[in-house]
Amino acid sequence: MDIWQLLFEIVALLAGALILGGVFARFGQSPLVGYLIAGMLLGGPGSIHLVKSEQEIEVIAELGVALLLFSLGLEFSLARLRKLGNKALIGGILQVSVTLAAMTGVACLYGLGIREAVAVGAMVALSSTAVVLRTLMESGEIDTPYGGNSLAILLVQDIAVVPLAILLAVLAGGEGAREIAVNVGWIMLTAGLLIAGLYILLNVVAARALGGLTLVRNRELTTILAVVIGLGSAWVAHRAGISPALGAFIAGMILGGSPFATQIRADVSSLRVVLLTLFFGSAGMIADPVWIASHLFLVVGATAAIMLVKLAVTWIIFQRLGQSPAVAATTGISVSQIGEFAFVLGAVARTVGAISRETHLVIVSATIVSLLLSPLLLSYAGRVGYRLAKFVFRGRSVSPPGELATAVTGHIVIVGFGPAGRIAAGALRASSIKVVVVDLNHEGVKKAVELGFDGHIGDATQYEVLEHARVRDAKAVIVTVPHNRTAVMVVEAVRGLAPNAHVVVRSRYQRDVNDLAISGADIIFGDEQEIGQELGRHLREWLAAHDKDAPPTAEPEDPPQDFSPNSDHK
């Protein structure tokens, strides 16, 4: 095919996704819906056929799925799972497994074969991490009991993508016990060899090659490392006959334990976003607007049935685990939609032949409809869950679900761990408050860890790095980087994520104070001001000791400059 024609169609699809994604985001919807509809309108059956290279774009877009699973692997942590608590974690595991079984049963009753029914159950068992987390964070409900339950379910679902992909790959080998056993054995053997090879590569070769480098001067190397490892492991897995997404997940999981994990996650995010947008656009090209219009009752009925089953399963599970009826019902409403991973697993199922095109079309259409409904449902989830619980349990007293869970204690984030950052952190060592250090220099992070702080190698001007340091929950952020433009970018990024955090900034030169104040700093300590004050203090003390006519010593006249909203400084 003409490469320039393919390039035009890729740009056209991305442009359509940009326009429609922006429109849907403007009206409180998920941009994902805009990407899907852009693909539906520009390519595939029932479209204007501006994009005709569906297969070529789909092949490119599959790399986005690999990078998505690679990023999930980077986030995978047993410690992170334990923080959720046993009940929430058990609830998440039960929600995925029981929903899978229930929807498999419903699909069998509908007349599908067991392989296809399991594929349908796997696709619809997962909810939308992007939609639910974004809505709960924007509404400030992430710390409510049902917000915590939803977070636990979504985290378990993200992890479940890999075993569900393996399950679909196993289904491709036939329905006999021997074929299934052979498939499972081959996948486990290949995954084991891939883990061993990547462990040696990352902990021996890459660690020695990159361990002595400062990322400030060698930023491009982490990006190259991430792309080589993430996409290279996907290629190796493909050549070995297993899911490329599984290979990328394994690579991310191993790399997640390295000191470069935070920055690698941020560096691949832009490429991942572009490729995933193409993926959702190509997924939308599967849907046929004409077919949906002519089968509207089937699509609406399938969507309603799936969402009601997921609501009922989640409600029952969390109420059995000791949650109140209203909290359990609200949790069920929050995760009742079909998530974006339905497209990922649907692509795997189509590749291995586990699902027919017609069934895939129904699920894709139902997913689009459920994603359209999700922001509205989440906005009223608390009220609807409360009224639903009162209706079902009319003879019992039902309390509202919206009380906050344990209050967020917050922590301190220090950006830059040079001499200034270390001196500032030293005052916090005796306290019980948690300190998180972000620095591009691995020596600085190593020193922070030695002092008992959490440390992340990363560029704090990037939102992904700050999110990983949980800046949203921070009480205060201390920025000590010497370069003014970098400090301004860090403060602006912090203000975008944590508008209420107390931001303290070090300014190397007095001329830069105004820029830092405009960017959102609350308190600014200037190097020149501090040095001048120290020089003045020393001179007064020296004169007091050596000159009888010298003025008495006094405190410096100019305190650190306060630019907080409550200050009188203009």
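**Stop 1: the end of a helix**

Select G353, which follows α17 and has a positive phi, near 75 degrees. Helices here are DSSP runs of H or I with at least four residues, strands are runs of E with at least two, and both are numbered from the N terminus. This is a predicted model, in which local features need pLDDT of at least 70 and side-chain atom pairs count only at pLDDT 80 or more, while totals for chains, interfaces and linings use all residues. Residues are numbered from 1 along each chain as its sequence is written, and side-chain values use heavy atoms, leaving out hydrogens and water.

Now select residues 341–352, the twelve residues of α17. From first to last C-alpha the helix reaches 17 Å, close to the 16 Å expected at 1.5 Å a residue (1.5 Å times one less than the number of residues). Nine of the twelve are buried, meaning under 20% relative accessible area, with exposed over 50% and partly exposed in between (1.4 Å probe, protein chains only). Among the buried ones are F341, F343 and L345.

**Stop 2: the cores**

Show F343 with its contacts (heavy atoms within 4.5 Å). Beyond residues up to four places away in sequence, F343 touches L36, F279, F280, A283, V364, T367, I368 and L371. In the largest nonpolar core, of 102 residues, L69, F70, F343 and L345 touch the most other members. Such a core is a set of buried Ala, Val, Leu, Ile, Met, Phe, Trp, Tyr and Cys residues joined through side-chain atoms within 4.5 Å. Apart from the core of F343 and L345 lies another, of 30 residues, including V436 and A474.

Next, pick T277 in helix α13 (residues 269–284). T277 counts as buried because its relative accessibility is 11%. Leaving aside neighbours within four places in sequence, T277 is in contact with L14, A17 and Y35.

**Stop 3: charged pairs**

The whole structure has five salt bridges, each a side-chain nitrogen of Lys or Arg within 4 Å of a carboxyl oxygen of Asp or Glu.

- Select D454 and K434: their closest N and O atoms are 3.2 Å apart. D454 is in strand β3 and K434 in the loop between α20 and β2, so the pair ties together parts 20 residues apart in sequence.
- Select R495 and D522, where the closest N and O atoms are 2.8 Å apart. This pair links helix α23 to the loop between α24 and β6, 27 residues apart. R495 is buried at 18% relative accessibility, and D522 is buried at 6%.
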